[in-house]
Amino acid sequence: VELVELRPPDTVILRLLGSCHGCPSSSLTLSDGVEKAIRDACPEIRHIETVGRQYAATALTGEGSEQRISPFAIGGRHPWLPAMRLEDLPRNGLLAREVLSDALLFWRDPDGDVHCYRNACAHLGMPLEEGEVDPAGVLTCPHHGFQFALESGECLTVPEVQLEPWAVRVVDGEIQVRKDHD
Ligand code: FES
């Protein structure tokens, strides 16, 4: 969960990240977990709202939004690095690219948004680019069949693990990535 905004006098705006996004149990997580913790610590907060995926770690590239940059673009310790041209990544296409010495996996969803993960299966770290992607954006690892939701990186086979996400942005038709962790 990310704190997006504290709106005086009594409202907090949150964003669900990672595998919370799109999970059918996320409203329960929010009401029984996050909201309760906030109200216990800050009883003056009376309203808790969430914002959607357009703010997630994804480069939004749909019509007229080519320059939109995720908030993960702000203030990171690592530089943005060029990865490929946007036109080289077809919709629902999966591509592996080496960026400096990092092996990355790129997926462009059916809406045209770009997602990036380390190209390492959460099972044994094998590369994923030869895996099958179904129309719902579920990738099956070609090695032992672990499945991942490419929208979030969530592992559907073992929910405790997930793909390692990288920040993505698209500038003048170039996909750029940035590592947001050490
Ligand atoms: S390495 Fe991917 S399922 Fe085993």
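Q: Which residues does asparagine 119 touch, not counting residues up to four places away in sequence?
A: A contact is defined by heavy atoms within 4.5 Å. In this predicted model, asparagine 119 touches Ala96, Ala103, Leu104, Leu105, Met126, Pro127, Leu128 and Glu129, once residues up to four places away in sequence are set aside.

Q: On what basis are such values given?
A: Because the model is predicted, local features need pLDDT of at least 70 and side-chain atom pairs count only at pLDDT 80 or more, whereas totals for chains, interfaces and linings use all residues. Residues are numbered from 1 along each chain as its sequence is written, and side-chain values use heavy atoms, with hydrogens and water left out.

Q: Where does asparagine 119 lie, and is asparagine 119 buried or exposed?
A: Strands (E, at least two residues) and helices (H or I, at least four) are DSSP runs, numbered from the N terminus; asparagine 119 lies in the loop between strand S7 (114-118) and strand S8 (132-133). Buried means under 20% relative accessible area, exposed over 50%, and partly exposed in between, with a 1.4 Å probe and protein chains only. Asparagine 119, with a relative accessible area of 9%, is buried.

Q: Which backbone nitrogen lies 2.7 Å from a polar atom of the side chain of asparagine 119?
A: That atom is the backbone nitrogen of leucine 128, and Leu128 is also among the residues that asparagine 119 touches.

Q: Where does leucine 104 lie, and what is leucine 104 in contact with?
A: Leucine 104 lies in strand S6 (residues 102-108) and is buried, with a relative accessible area of 0%. Leaving aside neighbours within four places in sequence, leucine 104 is in contact with several residues, including Leu95, Val99, Cys116, Asn119, Trp166 and Val177. Leucine 104 and glutamate 164, which are 60 residues apart in sequence, are 9.6 Å apart in space, C-alpha to C-alpha.

Q: How many residues has the largest nonpolar core, and which have the most contacts inside it?
A: In soluble globular proteins, nonpolar side chains tend to be buried together. A nonpolar core is a set of buried Ala, Val, Leu, Ile, Met, Phe, Trp, Tyr and Cys residues joined through side-chain atoms within 4.5 Å. Here the largest such core has 15 residues, and those with the most contacts inside it are Leu104, Phe106, Val114, Cys116, Ile175 and Val177. Two or more residues of this core are given by each of strand S4 (81-85), S6, S7, strand S12 (167-171) and strand S13 (174-178), and the largest share, 3 residues, comes from S4. Another core, of 13 residues, lies apart from it, with Leu128, Leu139, Leu150 and Leu163 among its members.

Q: In what order do the strands of the open sheet come?
A: Two strands pair if DSSP finds at least two bridges between them. The open sheet is formed by 4 strands in the order S8-S9-S10-S11, with antiparallel pairing, and its edge strands, S8 and strand S11 (154-155), each pair on one side only. Within it, strand S9 (residues 138-140) and strand S10 (residues 147-149) pair over 3 bridges, and valine 138 has alanine 149 in S10 as its bridge partner.

Q: How many residues lie between S1 and S2 in their hairpin?
A: The hairpin of S1 and S2 has 3 residues between them. Strand S1 (residues 2-7) and strand S2 (residues 11-15) run antiparallel and are joined by 5 bridges, with threonine 11 in S2 as the bridge partner of arginine 7.

Methods:
A polar contact is a pair of N or O atoms within 3.5 Å; within protein, one must be able to donate a hydrogen and the other to accept it, and residues adjacent in sequence count only if both atoms are side-chain atoms.
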